[in-house]
Amino acid sequence: MNARAGAAPVIGGDRLKKYVLHKLRTELPEGPFCLLYMHSTVQSDDNNPGMSILRGVYEDLPPEYKERLQILYFLHPGLRSRLAIATLGRLFLSGGLYWKIKYVSRLEYLWGDIRKGEVEIPDFVIDHDKILEHRPLTDYGIEPDPLHLADMPAVGYSLGRYEDKWSPEDRWYSRNYM
């Protein structure tokens, strides 16, 4: 397991699957339950478990666990994840798991379903949520200012304002007769 500063640790798919199944078998109380998958800071090339691991975990659950699972909360899904599950999920996710997935873009929306403090949220997830609060379009794959130009100081003059010196008549004349 590798840990990067401020990011989700990198864990192999088989190890993740074994961990989830172990936790469910040893710590799950009786009755209905939900799972919370935190997709915060996931990168597709190193720490994204993918649909095959999700499917494998669900398929390896005993039937009684599958029936008791009410919702799989998918916290901080990216555009790629949403599209992949929306297009391929019905084919690759077995036995009703597809219909149990609930996307949650922010922690504040999760607290509408789960009482705050009922689940431990790692610091990197909280930090990621704070970043998304200030850049809400990144949820949908849109980076409004990828070069961070809004952070640059404003210039007191503009080089492209030559048209402001022309009167409306001059602009009309130059467009129609020149």
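Close-up 1. Phe 74 is buried, with a relative accessible area of 4%, where buried means under 20% relative accessible area, exposed over 50% and partly exposed in between, using a 1.4 Å probe and protein chains only. The model is a predicted one, in which local features need pLDDT of at least 70 and side-chain atom pairs count only at pLDDT 80 or more, while totals for chains, interfaces and linings use all residues. Residues are numbered from 1 along each chain as its sequence is written, and side-chain values use heavy atoms, with hydrogens and water left out. Three aromatic pairs are found in a search of the whole structure; rings of Phe, Tyr and Trp (its six-membered ring) pair if their centres lie within 6.5 Å, and planes under 30 degrees apart count as stacked, over 60 as edge-to-face and the rest as tilted. The ring centres of Tyr 37 and Phe 74 are 5.0 Å apart and the planes stand at 75 degrees, so this pair is edge-to-face. The pair links distant parts of the chain, with Tyr 37 in strand E1 (residues 33-38) and Phe 74 in strand E2 (residues 69-75), 37 residues apart; helices (H or I, at least four residues) and strands (E, at least two) are DSSP runs, numbered from the N terminus. Through ring pairs, Tyr 37, Phe 74 and Tyr 103 are joined into a cluster.

**Close-up 2. Leu 24 in helix H1.** Leu 24, found in helix H1 (residues 13-27), is buried, with a relative accessible area of 6%. Leaving aside neighbours within four places in sequence, Leu 24 is in contact (heavy atoms within 4.5 Å) with Phe 33, Leu 35, Leu 61 and Tyr 65. Leu 24 and Tyr 65 are 41 residues apart in sequence, and their C-alpha atoms are 8.6 Å apart in space.

**Close-up 3. The largest nonpolar core.** A nonpolar core is a set of buried Ala, Val, Leu, Ile, Met, Phe, Trp, Tyr and Cys residues joined through side-chain atoms within 4.5 Å. The largest one has 17 residues, of which Leu 61, Ile 85, Leu 93, Leu 97 and Ile 101 touch the most other members. At least two residues of this core are supplied by each of H1, helix H2 (50-60), E2 and helix H5 (97-100), and its largest share, four residues, comes from H2. Apart from this core lies another, of nine residues, among them Tyr 73, Val 104, Leu 110 and Val 125.
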